[in-house]
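Here is a short report for a reader meeting this structure for the first time. Have the sequence and the 3D view ready.

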Amino acid sequence: MKKKILLPIALIVVAVAAYIGVRMYNAEVPSASGMSVDTKIQADALFNAFTSDEVGAGKAYNDKVIEVTGIVRDITRSADGRMSVLLETGDPLGAVVCEFPDPTEDPVVGSEVVIKGFCAGFNLDVLLQRCALTGTRNSDQP
Amino acid sequence: MTTNRLMLFGALALLPCLTHAQDKYGSRDGGITFFSHAPMEDITAVTRKAASVLIPATGEIQFSALIKAFEFEKALMQEHFNENYMESSTFPKAIFKGRLVPKDGDDLTKPGTYDVGVEGTITIHGVEKPLSTSATLVVAKDGSITAKSEFNVKPEDHDIAIPGVVRGKIAESIKVSVDIKYAKL
């Protein structure tokens, strides 16, 4: 009698474990949309943190979900349509670059935006990936 | 006209050529893809944010890419790539420094399509190795330059340990493709 009960339970446990394992294995890389924010910071402060101490800033910000506020300097699109929003940093040679995975409404150049994304580090620019736009204010708005 | 004035005139006449010779081209949106073909699985990762500088007159070329900027299809692959193999928190960038070697008579400052050699060193996982490959360079009339290249990298050459249990999922030699469009700086 015990065997008759234990066998189906064991099969169910194995099936559930296999299902969870396959789900975990095939899980896609998440977007920052819907993720909780680890740090809120201004774009120029984030950039200055990396230019003054790249290693220290990397430890503080890399892999974290960063919510950055800044003025849009430029918007570019890659060959596969991915949008990158470049935020002002006060340094003409560097920006905070926010890469969006899916086509989205373009913010206006010169407007203030709030963007969250995963920090990937510093390579001339600070790079945030898999970003989501969380707020915008045009320059002509109060 | 004195000799000094002749020399000055000659120098001024040559200035545009010298300036042209020093032209630098750059990109912050370079594409680098790597592809691993193994019996159990194919793995592709891509970054579109490699930074690169090219001086066509001398052939000098450098590029660097953030390891954490490589994106995978699956989250678990990306996590293992960064934490277990590339140790990207310790070795955050891959860097190439080298030189394009054009064929005799080819002038990379002029519009055209050129097959060139590439010689230099590549640093991955903190380990520097010589790299010799080929590339195709397209110098457009609008002033832009596109460079494409493919080469192979062996993880073991860069002290990247692949555990035996996943050996069937990761190729012994990884194909790297580079596609960078440069604008004049």
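From the N terminus on, chain A runs α-β-α-α-β-β-β-β-β. That comes to three helices and six strands. The model is a predicted one. Chain B follows another order along its sequence: α-β-β-β-β-α-β-β-β-β-β. Its secondary structure comes to two helices and nine strands.

The table sets out some values for each chain.

| Item | Chain A | Chain B |
|---|---|---|
| Buried share of residues | 32% of 142 residues | 26% of 185 residues |
| Share joining residues at least 24 apart, among contacts between residues at least 6 apart in sequence | 62% | 59% |
| Residues given to the contact between the chains | 21 residues | 18 residues |

**Overall form of chain A**

The C-alpha trace of chain A spans about 75 × 35 × 35 Å along its principal axes. Its radius of gyration is 21 Å, whereas a compact globule of 142 residues would have one near 14 Å.

**Inside**

Which residues have the most contacts inside the largest nonpolar core? They are L87(A), V96(A), C98(A) and L128(A). The core itself has 59 residues. Strand β5(A) gives the largest share of this core, with six residues.

Take L128(A) as an example. Neighbours within four places in sequence are left aside here. Beyond them, L128(A) is in contact with I66(A) and V68(A), with V96(A), V97(A), C98(A) and E99(A), and with I115(A), G117(A), F118(A) and C119(A).

**One side of a helix**

Helix α2 of chain A covers residues 43-52. Its residues A43(A), L46(A), F47(A) and F50(A) are buried. Why do they lie on the same side of α2(A)? They cover an arc of only 95° around the axis, and this puts them on the same side.

**Where the chains meet**

The contact draws 21 residues from chain A and 18 residues from chain B. On the side of chain A that touches chain B, the elements giving two or more residues are α1 (2-26), β4 (96-100), β5 (112-123) and β6 (125-137). By type, the residues on this side of chain A divide into nine nonpolar, eight polar and four charged.

Note on methods
Residues numbered from 1 in each chain as written. Chains lettered and ligands numbered in written order. Predicted model: local features only at pLDDT ≥ 70, side-chain atom pairs only at ≥ 80, totals over all residues. Contact = placed C-beta atoms within 7 Å. Helix = DSSP H or I, 4+ residues; strand = E, 2+ residues; numbered from the N terminus. Nonpolar A, V, L, I, M, F, W, Y, C, P; charged D, E, K, R; others polar. Buried ≥ 20, exposed ≤ 12 C-beta atoms within 10 Å, placed from the backbone. Arc of directions from axis to C-beta. Core = buried A, V, L, I, M, F, W, Y, C linked by C-beta atoms within 7 Å. Rg over C-alpha atoms; globule rule 2.2 N^0.38 Å.
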